[in-house]
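Here is a set of exercises to work through with the model open beside you. Try each task before reading its solution.

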Amino acid sequence: MGTTRKEHDFLGELEIPDHLYYGIQTFRAVENFNITGIPISREPLFIKALGYVKKAAAMANKDCGALDAKIAEAICYGSDQVIAGKFDQEFVSDLIQGGAGTSVNMNANEVIANIGLEYLGHKKGEYKFLHPNNHVNCSQSTNDAYPSAFRIALYLKMDSFIKTVENLEKAFLAKGNEFKNVLKMGRTQLQDAVPMTLGQEFHSYATTIGEDVLRLKDAQSLVLDINMGATAIGTKVNAPEGYPEICVNYLAQEIGIPLTLSPDLIEATVDTGAYVQIMGTMKRTAVKISKICNDLRLLSSGPRTGLNEINLPARQPGSSIMPGKVNPVIPEVVNQTCFYVIGQDLTVTMAAEAGQLQLNVMEPVISFAMFTSLDYLSKAIQTLIDKCIVGITANEQHCYDMVMNSIGIVTQLNPIIGYEESASIAGDALKTGKSVHQIAVVERKLITQEKWDEIYSTDNLIHPRYITS
């Protein structure tokens, strides 16, 4: 069983296995909150951010005279070990928990305190020399330490996510260039519209994803405003004069991102509007990606009885009963991931709305929703790039044949013969199965073959000019 140490809080005493660096309050959290089965150790950026918060707080407290220099040094040492990822396994609190994140905050306080105790030459649990609350949590509350760490982690996590979205934009742009001369039929309401190129279609995907990159970067900047020094409700109770500004300055220097102190700490302690904005932008991105995946599934449908304009890379047999069937499994899995993210937007919305008076206690579920959404969608996007987009090929001749057999190409005749005559040709073609060319040129002789060749040249269909009689 190994040795144990006895720790106490105001609820009583517990025997803690001595090899653990976390203590009694974290132990209670593990017993109370077995909800997702996902501990915060699965979010190393969150742990790193907690380490930065505790280190900056210790340095600011030393400067303000609230902590002895040796104690501050030990806290900084413990925080550096946490930042380096050496104690990730000690962060065992479930991502979803009651208490507005107190368990996460105390998990960090206890781990850093016990690392610091050993640094000072003491045993774990000898808190009279270095205390989780009195020292590591000095001039702090969960209500400023947790959201500040969450915002830092969210900012850093979004950096990686945005790069992945940018890679998706580049992948679509590359396909747009590859398919720039592949003539195909555009469609509205799933009906034939007018010709375009497959390259234009893929380029439009790149453009729409590029728009979201800009919106994500705008939203990301909202979390740079933090409430460190607010303590319990924003009144700075138990914090020395000047501590909030010094602490935030240290944080910005240590991490290398432009953090700023919220001008109204009471408002900042309860407001979660930044999360709503960011999650809404992520939902927007997910909706767009899911729509594109729908298109890829339609464009590759068939192969004999669907659109069959593009071929998706074959990744696995598609049926346990139908031999030779290959399904668009990569777009399908990305669709499903997008549905999850869209649902998490509602979770964040409701959690933000549930804030009461001077605190929103629902931030743990907000962090869970946003962290998992960023993780899952990032992996889905990279899967879409690597296992689908880069391997897409075009059925160029089939695309061309469908254009020339389409009734929709009659639209190009409007400026020459008028809408009414064009509509008549379309109706005749639809009824008889004849081509637009057969009716307009051969039977009705409304235009010459030379004019037809000019109007329906590949170049003119790709880059339409205004042609009249």
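A nonpolar core is a set of buried Ala, Val, Leu, Ile, Met, Phe, Trp, Tyr and Cys residues joined through side-chain atoms within 4.5 Å. Buried means under 20% relative accessible area, exposed means over 50%, and partly exposed lies in between, with a 1.4 Å probe and protein chains only. The model is predicted: local features need pLDDT of at least 70, side-chain atom pairs count only at pLDDT 80 or more, and totals for chains, interfaces and linings use all residues. Residues are numbered from 1 along each chain as its sequence is written, and side-chain values use heavy atoms, with hydrogens and water left out.

**Exercise 1. The cores**

Find how many residues the largest nonpolar core has, and which have the most contacts inside it.

Solution. Step one is the count: this core has 111 residues. Step two picks out Phe46, Leu251, Leu259 and Leu384 as those with the most contacts inside it. Step three asks where the largest share comes from: helix 6 (residues 142-178) supplies 15 residues. Helices here are DSSP runs of H or I with at least four residues, strands are runs of E with at least two, and both are numbered from the N terminus. Step four turns to a second, separate core of 22 residues, which includes Ile409, Ile417, Ile425 and Ala426. As background, nonpolar side chains tend to be buried together in soluble globular proteins.

**Exercise 2. Two residues that touch**

Work out which residues surround Leu384 and Ile289, leaving aside sequence neighbours up to four places away.

Solution. Contact means heavy atoms within 4.5 Å. Start with Leu384: its contacts are Leu168, Ile289, Cys293, Leu296, Ile330, Val334 and Ile389. Now move to Ile289, which sits in helix 10 (residues 273-299) and touches Leu168, Ile209, Val334, Cys338, Ile381 and Leu384. Ile289 counts as buried because its relative accessibility is 1%.

**Exercise 3. Cysteines**

How many disulfides are there?

Solution. Begin with the rule: a disulfide is a pair of cysteine sulfur atoms within 2.5 Å. By this rule the total is 0. Take Cys64 as a test case: the nearest cysteine sulfur belongs to Cys247 and is 9.2 Å away, and Cys64 is in no disulfide. Cys64 is partly exposed, with a relative accessible area of 24%, whereas Cys247 is buried at 0%.

**Exercise 4. Cavities**

How many cavities of 30 Å³ or more does the structure hold, and what lines the largest one?

Solution. On a 1 Å grid over the protein atoms alone, a cavity is a set of points where a 1.4 Å probe fits but cannot get out, and lining residues have an atom within 4 Å of a point. The count is 2. The largest cavity has about 60 Å³ of space, and its lining is Ala100, Thr142, Asn143, Tyr146, Pro147, Thr269, Leu359, Asn360 and Glu363. Helix 6 gives the most to this lining, with 4 residues. Sorted by type, the lining has 4 nonpolar, 4 polar and 1 charged; Ala, Val, Leu, Ile, Met, Phe, Trp, Tyr, Cys and Pro count as nonpolar, Asp, Glu, Lys and Arg as charged, and the others, Gly among them, as polar.

Look next at Thr142, a lining residue found in helix 6. Thr142 is buried, with a relative accessible area of 9%.

The second largest cavity has about 40 Å³ of space. Its lining divides into 7 nonpolar, 1 polar and 2 charged, and helix 11 (residues 329-353) gives the largest share, 3 residues.

Terms used:
On a 1 Å grid over the protein atoms alone, a cavity is a set of points where a 1.4 Å probe fits but cannot get out, and a pocket is an open set with protein on both sides within 12 Å along at least five of seven lines; lining residues have an atom within 4 Å of a point. Grid points are joined across faces, edges and corners, and a volume is the space filled by probe spheres set on the points.
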